[in-house]
Amino acid sequence: MAPQPLLNGTSFITGAGSGIGQHIALSFAENGISNLALTDLDGDKLQETAAKIKELALNVQVELITMDVASEEAVAQCAEDGGAVWWD
């Protein structure tokens with residue numbers, strides 16, 4: 001019997017362009033998550049994270065969101081724009 005994935009569903013990860021956030025995104029992708037919404041201030045770094053996930057050849061849907069999570073307005077707009085898609 002094949003091992004079951006540790007994770008499934010959707011995860012929203014902040015700071016995913018580098019460091020701990022990027023490592024969490026990669027780890028979630030490797031462990032069965034099906035959807036990742038990744039945010040960071042640096043859109044280029046987010047693209048690098050997405051490329052690393054793609055290199056793993058996993059079936060993970062990735063949404064990249066360049067935003068400042070310290071901005072209440074940006075977070076509210078993000079939730080309004082994508083919340084129904086991610087949490088359905």
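Is threonine 39 buried or exposed? In this predicted model, threonine 39 has a relative accessible area of 1%, so the residue counts as buried. Threonine 39 is found in strand 2, which belongs to an open sheet of three strands in the order 1-2-3, with parallel pairing.

**Sheet**

- The edge strands of the sheet are strand 1 and strand 3, each of which pairs on one side only.
- Neighbouring strands are turned against each other by 15° on average, direction ignored.
- Strand 1 and strand 2 are joined by four bridges in the parallel sense.
- Within that pairing, phenylalanine 12 stands opposite alanine 37 in strand 2.
- Strand 2 (residues 35–40) and strand 3 (residues 61–66) also pair in the parallel sense, over six bridges.
- Isoleucine 65 in strand 3 is the bridge partner of threonine 39.
- Strand 2, helix 2 (residues 43–55) and strand 3 form a β-α-β unit that is right-handed.

**Helix packing**

- Helix 1 (residues 19–30) packs on the sheet and touches strand 1 and strand 2.
- The direction of helix 1 makes about 170° with that of strand 1.
- Helix 2 packs on the sheet as well, touching strand 2 and strand 3, and its direction makes about 170° with that of strand 3.

**Helix 1 in detail**

- Helix 1 has twelve residues and spans 17 Å from its first C-alpha to its last, close to the 16 Å expected at 1.5 Å a residue.
- Its buried residues are Gly21, Gln22, Ala25, Leu26 and Ala29.
- These residues lie on the same side of helix 1 because they cover an arc of only 130° around the axis.
- An α-helix has 3.6 residues a turn, so residues three or four places apart point the same way.
- The cover over the buried residues of helix 1 includes strand 1, strand 2 and helix 2.
- The exposed residues Ile20, His23 and Glu30 are carried on the face turned away from the buried side of helix 1.

**Threonine 39**

- Leaving aside neighbours within four places in sequence, threonine 39 is in contact with Phe12, Ile13, Thr14, Gly15, Ala16, Gly17, Leu46, Ile65, Met67 and Val69.
- One of these contacts, Ile65, is also the bridge partner of threonine 39 in strand 3.

**Serine 11**

- Serine 11 lies in strand 1 (residues 10–13).
- The relative accessibility of serine 11 is 11%, under the 20% cut-off, so serine 11 counts as buried.
- Beyond its neighbours within four places in sequence, serine 11 is in contact with Phe28, Ile33, Asn35, Leu36 and Ala37.

**Isoleucine 33**

- Isoleucine 33 is found in the loop between helix 1 and strand 2.
- With a relative accessibility of 5%, isoleucine 33 counts as buried.
- Leaving aside neighbours within four places in sequence, the contacts of isoleucine 33 are Leu7, Asn8, Gly9, Thr10, Ser11, Phe28 and Val60.
- Isoleucine 33 and leucine 58 are 25 residues apart in sequence, and their C-alpha atoms are 9.6 Å apart in space.

Methods:
Residues are numbered from 1 along each chain as its sequence is written. This is a predicted model: local features need pLDDT of at least 70, side-chain atom pairs count only at pLDDT 80 or more; totals for chains, interfaces and linings use all residues. Side-chain values use heavy atoms; hydrogens and water are left out. Helices (H or I, at least four residues) and strands (E, at least two) are DSSP runs, numbered from the N terminus. Buried means under 20% relative accessible area, exposed over 50%, partly exposed in between (1.4 Å probe, protein chains only). Contact means heavy atoms within 4.5 Å. Two strands pair if DSSP finds at least two bridges between them. A crossover is right-handed if, with the strands pointing away from the viewer, the path from the first strand over the helix to the second runs clockwise. Axes are lines fitted to C-alpha atoms, for helices over the stretch in contact, and angles run from 0 to 180 degrees between N-to-C directions. The expected span of a helix is 1.5 Å times one less than its number of residues. The arc is that of the directions from the helix axis to the C-beta atoms.
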